[in-house]
Amino acid sequence: MERLILGKTTSEWMNEFPLLSSIAETKEVFWINQKVKRFPDAIEGKNLSWEDVEEAEALFQRFAPFMEKAFPDTAEAKGEIESPLKEIQDMQATLQSEYGERIPGQLWLKCDNELAVAGSIKARGGFFEILSYAENLALEHSMLTKNDDYGKLYSDTFKQFFSNYSIAVGSTGNLGLSIGIMSAKLGFQVTVHMSQDAKQWKKDLLRDKGAQVMEHESDFSLAVEKGREMCQEQPHCYFVDDEDSKHLFLGYAVAAIRLKKQLDEKGIVVDADHPLIVYIPCGVGGGPSGVTYGLKHIFGDHVYCYFAEPTHSPSVLIGLMTGKFHQVSVQDFGIDNQTAADGLAVGRPSQYAVQMVEHLVNGIYTVEDHQLYRMLYLLNQSEQMKLEPSALAGMYGPVQLTKEHQGPANLEHATHIVWATGGSLVPDENMRSYIKKGKNN
């Protein structure tokens, strides 16, 4: 049946963008962004500068003494929240054998699944937004100066102060965890509005950490909308808007600074002859867009960034391909937004993030759920690593890139980095179930 979407029928949309037919049929696709521009033309007119990203990194450094006190497992890293970069040669060989595609270059895993406290990439953006809000409140009330030791924020005095304010967020899971855990630790009253896609263990963990969880019989976008509405009705309520947040974006962008340092430490060169190719799972688009924005500032045209979305939730792909961004949803094209990749189960992309990377992201590919489980099993067998299903979306990238004969020249000297977005907090029982499912696929 024909639908009318922004004044055009579905047939008209598909005539204009032929790939939409395959996308609407939830087939795996590989889309190359023809709007990519050379850096810095790609960021002309954007409202963020590299100085903004550096200031975000400085805020994380100011809060390191607080993190060290509040979360003892960060003590060894002196309060820094960062993940390792690991070469996964055995997985590279396994992928080549499993899919019959040779993957030239070296394959690495950026292990944001191991990020302390929240166990996912959302620790970057979520923590930054909450810490930024807390800092501004403390500065405004003359309780803090930027020259202070921020370890003082871990005290009953500050907990009592922050308890006068509330925070709300809409989430399918991982952002809710990062916002809920950090907000509760500081002393805020925090409510996480969760969609039907959210895993029960994430809801249970949030409640255990002191957050209130409100469950909605709807998808991500409606959970965000409900959270926004309820927050507006409350005094002193701050809403973390995953669909339109500059602060989340900045927190994610800091990852580029950290990755550059890791690459330098490992002697990995990035230039025209040694391209860097990064594959990032994508939900609403904030995390991968922020990371891409940061990486392009550092490596320019020598880094190639690809987003990975489930076949049933390709919201950023549709938004970028049509140029309509958040004005269109997967449901507009009859796609159900039902996927095992809970963190990627988003029907409408971020209003802010996708426009920031319109001319930066090199492409987007989609992946079926059964492939996520299969690669989860293969990674566990080859590297003894444990990721949640959505975090494996990036692992499909090197296979698809070589299969489609896409990407930069000099692939023989390429460094492939798969962004592992979450997994360390998954309960053992759930993880065993995931691995078993992947083994049987």
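Contact is taken as heavy atoms within 4.5 Å. The model is predicted, so that local features need pLDDT of at least 70 and side-chain atom pairs count only at pLDDT 80 or more, while totals for chains, interfaces and linings use all residues. Residues are numbered from 1 along each chain as its sequence is written, and side-chain values use heavy atoms, with hydrogens and water left out.

Residues up to four places away in sequence aside, Phe127 touches Phe60, Met67, Ile81, Ala116, Val117, Ala118, Lys122, Ser178 and Met182. A nonpolar core is a set of buried Ala, Val, Leu, Ile, Met, Phe, Trp, Tyr and Cys residues joined through side-chain atoms within 4.5 Å; buried means under 20% relative accessible area, exposed over 50%, and partly exposed in between (1.4 Å probe, protein chains only). The largest such core has 148 residues, among which Phe127, Phe188 and Met395 touch the most other members. A second, separate core of eight residues includes Phe220, Val224, Cys231 and Val284.

Aromatic rings of Phe, Tyr and Trp (its six-membered ring) pair if their centres lie within 6.5 Å; planes under 30 degrees apart count as stacked, over 60 as edge-to-face and the rest as tilted. The whole structure holds 19 aromatic pairs. In one of them, Phe161 and Phe162 are tilted, at 5.2 Å centre to centre and 50° between the planes. Phe161 is buried at a relative accessible area of 11%, and Phe162 is buried at 0%.
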